[in-house]
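Here is a short report for a first look. Please keep the sequence and the 3D view open while reading.

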Amino acid sequence: MKDMTELVTRISGANPRKCMKCGKCTAACPAYDEMDYHPHQFVDMVETGRLEELMNSRGIYMCLSCFACLERCPRSVEPARLIEAVRLAVIRQQDKNHLKPEQIPPLLDPDLPQQAITSAFRKYRK
Amino acid sequence: MQKIGVFVCWCGSNIAATVDVETVSDALAREPGVVFSTNYQYMCSQAGQDMIQEKIRELGLTGVVICSCSPRMHEATFRRACEKAGLNPYLVEIANIREQCSWIHKDKAVGTEKAIILGRAAIAKVQLNAPLTAGESPVTKRALVIGGGIAGIQTALDIAEAGFPVDIVEKKPTIGGKMTQIDKTFPTLDCAACILTPKMVDAAQNEKINIISYAQVEEVAGFVGNFSVKIRKRARFVDETKCTGCGLCTEKCPQKNVPNEFNQGLDNRRAIYIPFAQAVPKVATIDPNYCTMLKTGKCGVCSKVCTAGAIDYRQQDEIIQQEYGAIVAATGFEPISMEKFDEFAYSQSPDVVTSLEFERLMNAAGPTGGTLLRPSDGKHPHTLVFVQCVGSRCDGGEKGKPYCSKICCMYTAKHAMLTREKYPDTEVYVFYIDVRTPGKNFDEFYRRAVEEYGVHYVKGMVGKVAPENGKLKVQASDLLGGRQLHIDADMVVLAAAIEPDRSARPLATMLTASMDTNDFFTEAHPKLRPVESPTAGVFLSGACQGPKDIPETVAQAGAAAAKVIGLLSRDHLTCNPCVAESNELMCNGCSACEKVCPYGAITYIDKEFRGPNRTTLVRRVAQVNPAVCQGCGACTVACPSGAMDLKGFSNAQIMAEVDAICK
């Protein structure tokens, strides 16, 4: 899992250690109610190496990529990039059974914004 | 022929445990020029010093090398001892074989070898040492305090108390600074004006203090003890000597729509104004940006109503040239602009205010007469949200500041407490990242806000404020409760970060005083010389050095005054003789040294030189003012022609040391 933490921080280019735990990301997040883990928790979980939990969470797909957290973060931690990196890390796992394209339609929530759906399809294409 | 004496110190076991002192003194005895070499348990003791003096007299030593602790520790001691025995103190060299040798090595063989090398280097250097004599410069017994806030006032009062004349230069029409705008002070809740205004009056009445208000420093020349300062006193179009401060003109002036800076723009003043009732000096000032008479030549109401005949529309800026022995920077702070923090809707709703604006809304002399009312509709607010750390502790953005502004936790607790006390029907939320209350009775104060006054402290930050139907929709995180909060607030108060006043940067340039990346003045030493600038004769008072609350500011102001008094009470200053010196024959006039000199010690002059065949030629050459030069050596490195050299640390001496080490 340590390798995974490194991978996530490397592909995100974000540094979770800069986080001062102010919670402004979570305060700004419009998808808060849909998430099991929230932006400040994402950062903490990456930093403390709890990536498996994070990769299995549904919350990472509820992120709208609206970048409000990234924009508001006073420490330039950029939680949205970390989340994106975690999603990429899920995809990059070799021989792991991540979602197949045909599994996606039944999972789709009609209330999800278009942007998130497009972004999800892009992520699952491989 | 050199006659050098070498004295190796054991420093008890500090050196002797890892350095074989006997071997060191024996080895150094064989160095060229060395006529005497010994070791002793404590060289700095009276017996040790006596031995050095005895050998200087007995053998006629021309140089002394002491292998001991760091020169920072005892160089002065040994120099004094040698001077008493008739040897020029600058012919003494210290080889640091403690901090840089015995303390860092475990292996005695290694330590011994290194100690010998360090001793050898010092011997090589002392061979080239020249006797130096410290010069003297006179001291002008007058101080200048730049900034008339509580820091500047306190410094000036303390200097005046010691009997020295002081000038306070204040850029606003009145002294008093930020503290005049504050309602109550933490943690005692006494009224700021009640404790400040007597001090302002004291300063005005003290015959040693001269207040130059509505003025700014334009030029600083000279050096410690001998500064020459040009001050521009702006035209206020009112004769200060005639104006009685009756205020009639400020009531009759027809130009009523000038944003009142004293109330943070929350109400308006006239074009001719006295900032507030207790202003010092209490004289009116005409704002040339708004005065109809000055802009169009048609009005003149104030001059008609003025019974003292003090209005003078043709008044010009006045230039004051004055000599000073010491300068104190007390330029203070400003809250940062909230323009870049759109998420808090500061520019969208008048009900989102900064903490300083909130002070005015709570103050009896403020725009609402001390009743807390919403700026938008003048109604009483029921739900208030305070946001901490707005722009403080930000990393890597131009949006905020990387430092903690220090005062916000306490004043927010104060605001929250006062609100709850005056209006028990309110709900008050404070969103915090950390509550930082180190200070006497500070944490108790914050706990009182929570426990006695029922202020809701929420760990988390506000992410969004949106004005909607007369309410402010606040979306925030409650990290300890694990939820996202949505509050319909009536007012939002932002604890804006503080930054140094904008006048500080140009002033630092004029003073050649160094600043950090945040434009706070740098101290000569962060711990041991906290009120002095690295530039001799320049002292620091108050928030211009870093964020500070009132008690700390007053303490630092007093400390700066003590340093100024210490300087001004001397008739002459001894200069450090280890200063830069330019060899005019080698100087090519390139100005490289002038540009790197952090103290402004180098100037260029055109000088006549004798050329071939009885001709003269004029060349531009560098000159070092030895009283200003601090001996940092930056110019010697920058000089491309090798003309610049540092006395006592010449290039030849340094190279001799290096050669000795590499031998």
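This is a predicted model: local features need pLDDT of at least 70, side-chain atom pairs count only at pLDDT 80 or more; totals for chains, interfaces and linings use all residues.

Residues are numbered from 1 along each chain as its sequence is written, and chains are lettered from A and ligands numbered from 1 in the order in which they are written.

**Helix pair in chain A**

Helices (H or I, at least four residues) and strands (E, at least two) are DSSP runs, numbered from the N terminus. Helix 3 (residues 39–47) and helix 7 (residues 79–92) of chain A have axes that come within 9 Å. They cross at roughly 60°. Axes are lines fitted to C-alpha atoms, for helices over the stretch in contact, and angles run from 0 to 180 degrees between N-to-C directions. Helix 3 of chain A contributes P39(A), F42(A), V43(A) and V46(A) to the contact. Helix 7 of chain A contributes P79(A), L82(A) and I83(A). Two residues are in contact if their C-beta atoms, placed from the backbone, lie within 7 Å.

**Nonpolar cores**

A nonpolar core is a set of buried Ala, Val, Leu, Ile, Met, Phe, Trp, Tyr and Cys residues joined through C-beta atoms within 7 Å. Buried means that 20 or more other C-beta atoms lie within 10 Å of a residue's own, with C-beta atoms placed from the backbone. The largest core has 188 residues. A329(B) and V492(B) have the most contacts inside it. Helix 15 (residues 550–568) of chain B gives this core its largest share, 8 residues. Another core, of 42 residues, lies apart and includes V8(B) and F78(B).

**A sheet in chain B**

Three strands of chain B form an open, antiparallel sheet in the order 24-25-26. Strands pair if DSSP finds at least two bridges between them. Strand 24 (462–468) and strand 26 (483–489) are the edge strands. Neighbouring strands are turned by 20° against each other on average, direction ignored. Strands 24 and 25 (residues 471–478) of chain B are joined by 6 bridges. K464(B) stands opposite Q475(B) in strand 25 of chain B.

**Where the chains touch**

In the contact between the chains, 18 residues of chain B meet 14 residues of chain A. Strand 24 and strand 25 of chain B each supply at least two residues of the chain B side.

| Class, chain B side | Residues |
|---|---|
| Nonpolar | 6 residues |
| Polar | 8 residues |

Ala, Val, Leu, Ile, Met, Phe, Trp, Tyr, Cys and Pro count as nonpolar, Asp, Glu, Lys and Arg as charged, and the others, Gly among them, as polar.

Definitions and conventions: A residue is buried if 20 or more other C-beta atoms lie within 10 Å of its own, exposed if 12 or fewer, and partly exposed in between; C-beta atoms are placed from the backbone.
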